[in-house]
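Here are my notes on the model, point by point. Have it open while you read.

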Amino acid sequence: MARLTPANEERARQLIALYPHHRSALIPILHILQGQDGYLSEDGMKHVGELLGLSAAEVRGTATFYDMFHVEPVGKYVVAVCTNIACMLQGAYELLEAAQDQLGIAPGGTTADGMFTLEDAECLALCGNAPCATVNWRFFGDLDPQRFAQLTEDLRAGRLDAEVPPHGTLSRVDRNVGLGAPGQSVHGAGGPPPPVDVAAAAGGPHDAGIELATSLTMTAVIAHEGGRGLDHTGTRTDAPGGTDSQDQR
Amino acid sequence: MSVTDAPRIVTRRLGTPRSWTLETYLADGGYQGLRKALTMTPEEIHEQVNTANILGRGGAGFEAGRKWGMLAKPTPVYLTINGDESEPATFKDHMLIEGDPHQLIEGALICAYAIGADQVFLFVRGEFPLGIERLQAALNEAYAYGAVGKDIFASGWSIDVVVHPGAGAYICGEETALLESLEGKRGYPRIKPPFFPAVVGLYGAPTIVNNVETVSNLPWVMLNGGDAFAALGEGRSKGTKLLALAGHVNRPGNYELEFAKVSFRDLIFDPSLGAGIRDGGELKAFIPGGASSPWLGPEHLDVLLANEKIAEVGTMAGSGSVVPMDHTTCMVRAAWRIVRFFHRESCGQCTPCREGGGWLEKILQRIENGQGRESDLDLLMDVCDNISPGVRWPPAQTTICVLGPSMPPPVASGIRMFRDEYLAHIRDGRCPFPPDRLPGKLASV
């Protein structure tokens, strides 16, 4: 596949400028590349190496160490079902088996239509909503086989397009400060920051992330808040099912 | 019960609408701690943090102020915040990053000012894209507000902060592996000595690596004083602690509780906290402080949640993750899943961890599948002994980092507590709990 597009190459150059040593930008740039193509292509990794003065082996050797990076094409949606201890205690393996049956693939496999890749994942840090899964690293908690079926149906129908970007998209919010001003050394001092231009940000890499609401009700409970949050000491909101009842002590 | 009335320090704003925005943060006194800090000298701040006695909240429990005091001072100096939370059943930093990113930024800035840092890196686990988006958006806001960048709040002090995403590797929570990863390399833990990044850290420069929850306490400490923080808790364990409760309880979740005033019994059974074991079940055992901690049983429920109290019974508070398991839980399967995790996440540098993890996983797998042998218990302990000589607590190690030695505790404590259950698997040729073997391809060795 492709090298970085000119726009993404510019984003990469801005990232490189943030760090005292260029190579530190490697992983953030690989995320941009994976966001562009859905996986890390040979041409893309070669291009990243050129930007950083690294060999293809150094780029690939780093990328393949990390679970999030795929050097072969994957489905539009990578569904990672956590089976670690907290989720296992709540039926994660039963959920994973159901997911395999529903999708017709084993962990590591991709459906024939290229829609889903299934993964048997390690702890995703949403243990208050076990068993949980992520789709392209967006969280879905309190799952069971029925909710999982609803989730994949909603994904197929495009009903979750706003919440779940195509595989590879990490952050939809780019840094918009401390960059580009003449004579401005980012290292040590960001300089007088330009005002946040929300309109401009919305045109390119957008800031939908900060607006993501928790109003999703059509599918399995979506735990955008990093699991069950606290409402006061020792008490937490009851997330499942969208109820907001709170137990007061 | 003894749930205390301690103030919420790090979770106060969570649950309020749009808690992650500057608007919400400023309405609740946001950045006042930083403003106050900037009127003080770095030494005065360090003194307050020493008074507060903030134990590191990442798992090792090392005093933050003491860590800062070890900093060698040739320039540049870096601050790195460890937001690579991946310990199984730990989900507190995830919530703090997504729910209150400005508090994290403010805490990091106070720390950076106190230690004389030249640049700050907020290392966030790559699997937290919403957290990364919220944190980057908050940083953009903080720059525009004048809290980050040049001449912060007209104090003459300037600093840059960078949000750095990880890419999926548990080992990067180990601070030297984190620094390697931040340098754009594989996350291989560094050979010690040098033991402390405060001496040789990022790019070889002195670096402080602090956990998300640790620095999230700093705005409150600045505004209320180290004495007020130290007035909470007891002994070495001061302030509040965020506990991640998961597993077989009715109300899993994150709970911020005063240190040393609440017992495991309170946490698991108090109606306002865990509210007891699900479906009216019985507590069989619990993991007290992250997946690598030795397990405890019901006889230890009255141990208070404080680092030294938990250490007294031969385990650790660790990351603050507590996982109760009910009477339907197979302890072989539980140990197998934890070992499988560490084996998968081994970076592969050290033979005892890379190979020993695979051995432990395979042996536990065959026991669980009814294919175990009587000699397997001795074999398990022998492998554990090769990874962590003596299989004692705190663990000795034959490896560069503590990932390898994290495998023996769940195995050894499980065998010690549930030897008969292990033997029943072997004697009966099947797991006594349904389903009686592991699913799919895992059902055979």
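**Notes on chains A and B**

1. B:Thr214 is buried, at a relative accessible area of 3% (buried is under 20%, exposed over 50%, partly exposed in between, with a 1.4 Å probe and protein chains only). This threonine, B:Thr214, sits in helix α9 (residues 212-216) of chain B; helices are DSSP runs of H or I, at least four residues, and strands are runs of E, at least two, numbered from the N terminus. Setting aside neighbours within four places in sequence, B:Thr214 has contacts that include B:Ile54, B:Arg57 and B:Ala64 (contact: heavy atoms within 4.5 Å).

2. A word on the basis: this is a predicted model, with local features needing pLDDT of at least 70 and side-chain atom pairs counted only at pLDDT 80 or more, while totals for chains, interfaces and linings use all residues. Residues are numbered from 1 along each chain as its sequence is written, chains are lettered from A and ligands numbered from 1 in the order written, and side-chain values use heavy atoms, without hydrogens and water.

3. Now the interface. On chain A, 75 residues are in contact with 99 residues of chain B. The two chains bury about 7,000 Å² between them, 57% of it on carbon and sulfur atoms (accessible area lost on being put together, 1.4 Å probe, summed over both).

4. Seven salt bridges cross the interface of chain A and chain B (a Lys or Arg side-chain nitrogen within 4 Å of an Asp or Glu carboxyl oxygen). B:Asp160 pairs with A:Arg175 in a salt bridge, closest N and O atoms 2.5 Å apart.

5. B:Phe196 is partly exposed, with a relative accessible area of 35%. Its place is the loop between α8 (175-182) and β4 (207-211) of chain B.
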